[in-house]
Amino acid sequence: MHKVLLIGAGSICRTHIDAFEGLHGRAKVVGIVARHQESAQKAIDNADLDAKAYTDYKQAIAESGCDIVSVMTPPDTHKEIPVYALEHGCHVMVEKPMAPSLQECDEMIEAARRTGNKLEVVAQSRCLTPIYRTKKLMESGIAGKLLYTQINSFWYRGRSYYDLAWRGQWASEGGGCTFVHAVHHIDLLAWMAGMPSQVSAMIGNVSHTNSEEEDLSMAMLRYPNGSFAQLSANLVCHGQKQALTFACEKANLEIPHAFSADTPLENGFPKENTEFLKELNEAYEAIPALEYEGHAGLADDLVRAIDENRPVLIDGEAGRATMELIMAIYKSASEGHTVDLPLAKDDPFYTREGVQAKMPHFYKKTGFLAKFEKDEIVLASSNMK
């Protein structure tokens, strides 16, 4: 049985508890680390765990006997804690975003390579059956060549969202809606469509006057084969309707799950291709459902990867690709020109310091709550099936 230490007792903690504890005895949470011990103890009590509360993650790694560390702290610590855990004999799962800079992503990847321990980056939407099946259909080529992709990463957050102390600051959060929220959909874009060669983008803050960061971004991406992708992300859309459309030669494959397929009439206008839609749906349903979904799917994947000595589903390189796309969006928006990929190591947007120096500070951060009394969350995966 694998012993798991959770670092961070915020709103996502219970999801990680349930993910590991739900693996039919293959993993057990033995400790939770939080800045305030009462927060860690509350998380333990609420889940009825036989575990210990800690305030020092280094002490917890030394004393708990853990071999897996799951990191759920603010993004500015996403390099420091995983690298320490990897170097002290632990495998690591780290919440998105992977890190606030490409330099830190590379240091994490190097630590995993050097130690031989596993590093998995959370992107739980990949572990949903409808998305997994859509990915498999894309790989099969049944719908033909991908021509165009549309991503709508629409969220709603009230002004008070940024009252939490670490949010709304480039130094501690690392970015706004593009970095923290659209990361889910940018990961799916990189996973399903690959990396673009050019990015053109704009960002702004139209509603959250207590945040330095953007609450609105739009980007156009050009791929080496000539296809385009369009990304829109914001925190101002009521209803939080998130969607990805992959327009292929023979059909559209959509997330949340939907298919559409047309054939041209003699004059070029469309007629629904019911025969191909039937074929497409049969191929979709023939792909086996995932045994574990969401965070549980990633926990299962990490445990299996350790036991079978194989790569994880979302390794450091995959997490880094998502970050590189985000940094290209930020670079284009702040410098006002099209950006070519990949970004070089001497680019200002390779380091955290460079990003913070280049990005606009839309408003002065106000509100510094340590925690909310009630901190209910809606996971991205709940809107993606």
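1. The model is predicted, so to speak of local features a pLDDT of at least 70 is needed, side-chain atom pairs count only at pLDDT 80 or more, and totals for chains, interfaces and linings use all residues. Residues are numbered from 1 along each chain as its sequence is written, and side-chain values use heavy atoms, with hydrogens and water left out.

2. Across the whole structure, zero disulfides are found, a disulfide being a pair of cysteine sulfur atoms within 2.5 Å. Cys 13 is in none, and its nearest cysteine sulfur, that of Cys 66, lies 14 Å away. Cys 13 has 1% relative accessibility and counts as buried (under 20% relative accessible area, with exposed over 50% and partly exposed in between, for a 1.4 Å probe and protein chains only).

3. Cys 237 is partly exposed, at 24% relative accessibility, and the closest cysteine sulfur, in Cys 177, is 10 Å from its own, too far for a bond.

4. The search of the whole structure also gives two cavities of 30 Å³ or more; a cavity is a set of points, on a 1 Å grid over the protein atoms alone, where a 1.4 Å probe fits but cannot get out, and lining residues have an atom within 4 Å of a point. The largest has a volume of about 80 Å³, and its 13 lining residues include Lys 96 and Val 183, which are among the closest to its centre.

5. The second largest cavity, of about 30 Å³, is lined by Pro 100, Trp 170, Gly 174, Arg 352, Val 355 and Gln 356.

Technical notes: 1 Å grid on protein atoms, 1.4 Å probe; cavity = no way out; pocket = protein on both sides within 12 Å on 5 of 7 lines; lining within 4 Å. Points joined across faces, edges and corners; volume = space filled by probe spheres on them.
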